[in-house]
Amino acid sequence: MAEELKKPDDLLDINLSPPAQGWMETTPTFRKGTYCYSAPLKHQQYLELPNQREWQPHDADWKLPANWKEIILDGMEKLLKKHRSFRLFLDICVRCGACADKCHFFIGSGDPKNMPVLRAELLRSVYRRYFTLGGKLFGKLAGGRELTVDVLKEWFYYFFQCTECRRCSVYCPFGIDTCEITMMARELLNLVGCNIQWVIEPASNCFRTGNHLGVPPHAFKKTLEFAVDEIEDLTGIRVDLPINKKGAEILFIAPSADYFASPHWFTLLGYLMLFHEIGLDYTWSAYASEGGNFGLFHSMELAKRLNDKIYAEAKRLGVKWILGGECGHMWRTIHQYMDTFNGPADFLEEPVSPITGTRFENTKSTKMVHIAEFTADLIKHNKLKLAPHRNDKWKVTFHDSCNPARAMGLFEEPRFIINNVCNSFYEMPENTIKERTFCCGSGAGLGADENIEMRLRGGFPRANAVKYVKETYGVNMVACMCAIDKASLPPLFEYWVPGVEVAGVHELVGNALVMKGETERKTNLRGEPLGE
């Protein structure tokens with residue numbers, strides 16, 4: 001963490017007094033710790049992005065193209081024509097404020113422009129000025145304002161302080177999805193080359209090597225082989241490792257953090273153990289070794305290109321359907337955009353579990369099943385031998401990751417799994433779970449180290465709910481189903497609620513799974529003694 005980072009009590013010393021100037025007159029200050037760095041030039045070049053250059057948000061001169069204003073307004077006009085929802089969301093807001101106190105960044109920072117209603121107003125004001133009769137005739141009196149460089153910088157500052165978690169949309173009486181306003185604002189910013197490193201570099205790496213980390217195929221294979229060795233040490237069983245296996249029944253796609261980072265790694269061990277135990281005919285892919293879709297945080301076109309890799313590989317390998325791992329934005333892309341991006345995937349079969357015979361009718365179009373649905377179905381049909389006491393070290397709560405929860409409504413399956421593989425499970429307060437879950441504060445490409453203060457501010461509401469169950473029930477483990485959560489929650493809890501660890505749901509499954517022929521298990525997947 002940055003040396004100058006304040007202590008928790010000092011970070012929450014928030015001044016909620018409105019600024020003396022009106023919101024149109026205030027400009028953001030790019031203070032260290034509250035914004036993300038720009039994309040490196042080589043990755044801008046790799047993706048052939050517009051206005052490629054070296055620059056940083058804290059620079060006075062952003063090296064915009066001479067006709068930048070024309071580019072932005074032309075882009076906005078095209079988006080308004082293409083997406084009816086965009087124009088609707090800009091027109092129908094009555095500024096009731098129902099969303100105002102629902103954003104984790106507003107709660108953690110007190111900055112009024114992090115209220116979803118006002119963040120969207122940054123864009124709406126320009127829309128009114130140039131695309132409505134009232135705005136053209138009366139300008140500021142009609143809520144319109146000129147598009148200037150300062151306004152563009154303000155867009156960048158606040159639309160890259162939105163994790164697109166969509167919690168505010170749950171509370172909007174008109175159903176406005178402010179996340180989509182953020183997505184449109186980012187599309188416009190990208191037209192003049194204003195983007196961030198933690199979106200562009202992962203997207204670039206996905207095209208270059210198949211995964212967001214830039215791990216080349218041979219290293220991907222070596223890493224998985226290392227996991228197989230580790231499982232053998234733990235259980236005495238050498239699990240299968242099919243990669244690029246043509247004709248396999250199922251293609252498995254996971255976020256690449258699962259085979260590189262911790263605590264994600266233990267989730268990976270859980271996957272491999274489960275698939276071996278049930279004898280699943282599946283394969284990994286070295287070409288599509290990333291489930292996370294970082295293109296979603298840049299533009300619809302980039303999201304479409306990345307989503308296509310998964311389906312292109314399913315077609316090349318000749319699988320019947322796709323199984324997806326514990327990822328966040330992969331699932332929002334699949335369930336809300338796949339059919340208009342690249343689908344429907346008619347070349348695949350409607351997914352049917354080869355173990356239980358269950359037909360996953362909710363995936364008729366996408367042909368892709370979430371691993372929580374798959375595993376919950378196995379447990380429901382008594383296909384797994386489980387020893388929940390192996391997780392007795394943990395008093396567990398569950399963090400609903402924003403995208404699987406709000407995009408898919410995937411609430412009960414993970415809870416069903418956890419309750420079958422653990423003996424101690426406790427819910428966080430009702431207004432912080434399921435569709436009302438709080439974001440980790442680092443999604444949508446904002447999980448960069450240079451952005452740590454804003455990440456901690458944005459993650460405060462989630463950490464506060466975890467603090468409640470820790471103090472009330474002694475919870476010491478938060479399970480979740482998103483790679484970004486697994487990366488961002490450990491430093492968040494270390495800061496706000498020390499003594500709480502983070503795990504994937506399938507790490508807990510792997511701990512409890514009794515495999516045929518296994519040696520006596522003395523440790524969990526972390527190598528820690530069982531029950532201590």
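# Salt bridges and backbone exceptions

Arg-166 sits in the loop between α8 (149-159) and α9 (167-171). This is a predicted model. Arg-166 has a positive phi of about 75°, although it is not a glycine. Its side of the story is burial: Arg-166 has a relative accessible area of 12%, so it counts as buried. Elsewhere, the structure holds 32 salt bridges.

**Positive phi**

- Most residues other than glycine have a negative phi.
- Asn-51 is another non-glycine residue with a positive phi, about 50°.
- Asn-51 lies in the loop between α2 (41-46) and α3 (68-82).
- Asn-51 has 24% relative accessibility and therefore counts as partly exposed.

**Cis peptide bonds**

- Most peptide bonds are trans.
- Ser-262 and Pro-263 are joined by a cis peptide bond, with omega about 15°.
- Pro-263 belongs to the loop between β1 (250-253) and α13 (264-278).
- A cis bond also runs from Gly-343 to Pro-344, with omega near -5°.
- Pro-344 is placed in the loop between α15 and β4 (368-370).

- Lys-486 and Glu-326 meet through their side chains in a salt bridge, at 2.7 Å from N to O.
- The pair links distant parts of the chain, 160 residues apart.
- Lys-486 is in helix α20 (residues 483-496), while Glu-326 is in the loop between β3 (321-324) and α15 (329-341).
- Lys-486 counts as buried because its relative accessibility is 0%.
- Glu-326 has a relative accessible area of 0%, so it is buried too.

- Glu-453 forms a salt bridge with Arg-457, and their closest N and O atoms are 2.9 Å apart.
- Both residues lie in helix α19 (residues 452-473).
- Glu-453 and Arg-457 are four residues apart, about one turn of the helix.
- Glu-453 is buried, and Arg-457 is buried as well.

**A salt bridge between sequence neighbours**

- Asp-101 and Lys-102 form a salt bridge through their side chains, at 2.6 Å from N to O.
- Asp-101 is partly exposed because its relative accessibility is 44%.
- Lys-102 has a relative accessible area of 16%, so it is buried.

**A network**

- Salt bridges link Arg-95, Glu-121, Arg-124 and Arg-128 in a network.

Key: Residues numbered from 1 in each chain as written. Predicted model: local features only at pLDDT ≥ 70, side-chain atom pairs only at ≥ 80, totals over all residues. Heavy atoms only, no water. Salt bridge = Lys/Arg side-chain N within 4 Å of Asp/Glu carboxyl O. Buried < 20%, exposed > 50% of the residue type's maximum accessible area, 1.4 Å probe, protein only. Helix = DSSP H or I, 4+ residues; strand = E, 2+ residues; numbered from the N terminus.
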